[in-house]
Amino acid sequence: MAQRNLKRARVGVSGDGEGAGPSVAARPRRHLRLPNYETVALMLQGGGALGAYQAGVFQGLYEAGIEPNWIAGISIGALNTAIIAGNPPERRVERLLQFWETICQPAFGAPLPAPIEHLLFNSSEAVRKAFTAAQAMSAIVEGQKGFFVPRFPPPLPTVSGPPQLASYYDTTPLKATLESLCDFDRINSGEIRVSVGAVNCGTGNFAYFDNTHTTLRPEHFIASGALPPGFAAVEIDGQFYWDGGLMSNTPLYEMLQSTPRRDTLAFQVDLWSAIGPVPDNLTDVQGRMKDIQYSSRTRLVTDMLQRSQRFRHVLREVLDRVPEDQRDDPWCKLAEDLSCSKRYNVIHLIYRHKEYEGHYKDFQFGLSTMREHWRSGLEDILRSLEQPDWLDMPENDAGFVTHDIHRDSR
């Protein structure tokens with residue numbers, strides 16, 4: 001059984017109206033002793049402004065002394081990946097907060113004074129909905145600081161030009177933000193395996209940029225989040241790439257199918273829930289469509305991989321019962337190649353939609369909303385880490401288990 005030494009920490013999100021964000025200082029680390037997993041993976045889904053939830057999850061992992069040795073991300077998950085992998089362990093939460101507090105400000109105008117924003121966000125449900133909708137409109141009109149700005153003049157739909165300009169927004173500010181907050185020599189050092197997913201515009205094929213075979217640059221991370229038509233394709237080595245979420249918004253499949261297989265503890269952090277209410281108005285229809293489209297059927301993928309791993313695991317057990325003098329049989333050799341005794345533990349964390357959120361929740365970059373998302377992620381990972389036996393190696397016939405604090409608490 002994994003040794004527990006985790007005391008629930010106060011979720012450090014200020015409610016004093018002075019604009020303080022999640023607490024990143026003077027929070028003691030209480031280490032959990034993990035079984036001997038060969039890989040501890042953090043898998044980060046895409047979801048725009050919802051990505052602060054992932055920062056909260058990472059803060060909880062850091063404070064529990066859990067340091068992933070493989071981080072993979074798509075879209076906003078790729079940007080969080082860059083911040084985490086591009087900084088020393090003791091600075092990662094601080095840098096994440098700096099990144100999110102930067103991109104959650106208007107690109108040009110001054111943000112509202114913190115007490116006023118706090119007052120509006122924590123007012124009645126109707127006021128909060130109107131306020132957050134106005135913030136989403138602000139993102140559309142003027143962009144977000146250090147992230148993206150509108151192109152001026154705006155592109156004409158039928159006028160051709162370079163692919164790098166075929167979008168409504170310019171993400172040049174994001175490159176400067178990543179370069180200021182990330183050490184790309186550290187990202188490419190191999191200290192942590194780093195993978196980010198994108199789609200090749202020309203071939204339609206999915207691509208993973210991985211620091212085990214590619215020298216990663218800001219462009220690789222920006223390409224992973226280049227969702228058209230808002231953001232333009234990014235050129236990398238003569239090819240153009242769009243947001244990986246167009247094809248698959250979760251890197252879990254890539255990690256679980258990786259060879260050689262290894263005993264793995266994976267934290268899969270999703271920003272879209274496939275489960276939700278049936279919408280009864282057109283506005284909610286748009287939001288529910290995004291939930292279904294970008295959830296990428298993570299549960300289905302997990303179930304499929306669990307079945308595959310069960311077959312491999314059972315095959316391994318059967319082979320162990322075959323006498324040594326019969327192992328040269330061609331069928332036994334083929335079975336040897338297909339079998340696997342490695343074990344996988346997937347802890348699933350899924351952001352849950354809030355009542356006040358509209359279909360614009362992925363581009364509503366308000367500071368108060370960001371803190372709410374961050375707090376949700378921190379609360380969910382703390383609850384998950386407190387569950388008995390959840391970090392233990394699987395002992396079932398599949399060698400594969402999944403856990404989800406929301407599913408298991410229903």
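Predicted model: local features only at pLDDT ≥ 70, side-chain atom pairs only at ≥ 80, totals over all residues.

Analyst: Happy to! In the model, the span 42–256 is 40% helix and 15% strand, and its end C-alpha atoms lie 12 Å apart.

Let us turn to helix H3, which covers residues 92–103. H3 has 12 residues and reaches 17 Å from its first C-alpha to its last, close to the 16 Å expected at 1.5 Å a residue. The buried residues of H3 are Arg-92, Val-93, Arg-95, Leu-96, Leu-97, Phe-99, Trp-100 and Ile-103. These buried residues pack against four helices: H1 (52–63), H2 (76–85), H6 (172–181) and H13 (367–385).

Two of those partners, H1 and H13, also meet each other. H13 has 19 residues and reaches 27 Å between its first and last C-alpha, close to the 27 Å expected at 1.5 Å a residue. Because 16 of its 19 residues are buried, H13 is largely enclosed by the rest of the structure.

How do H1 and H13 cross, and at roughly what angle? Their axes come within 6 Å and cross at roughly 40°, and the two helices are therefore oblique to each other. H1 passes H13 in a right-handed crossing. On the H1 side, the residues in contact include Ala-52, Ala-55, Gly-56 and Gly-60, while H13 contributes, among them, His-373, Trp-374, Gly-377 and Asp-380.

Note on methods
Residues numbered from 1 in each chain as written. Heavy atoms only, no water. Expected span 1.5 Å × (residues − 1). Buried < 20%, exposed > 50% of the residue type's maximum accessible area, 1.4 Å probe, protein only. Contact = heavy atoms within 4.5 Å. Axes fitted to C-alpha atoms, helices over the stretch in contact; angles between N-to-C directions. Parallel < 35°, antiparallel > 145°, perpendicular 65-115°, else oblique. Left-handed = near helix turned anticlockwise from the far one by under 90°.
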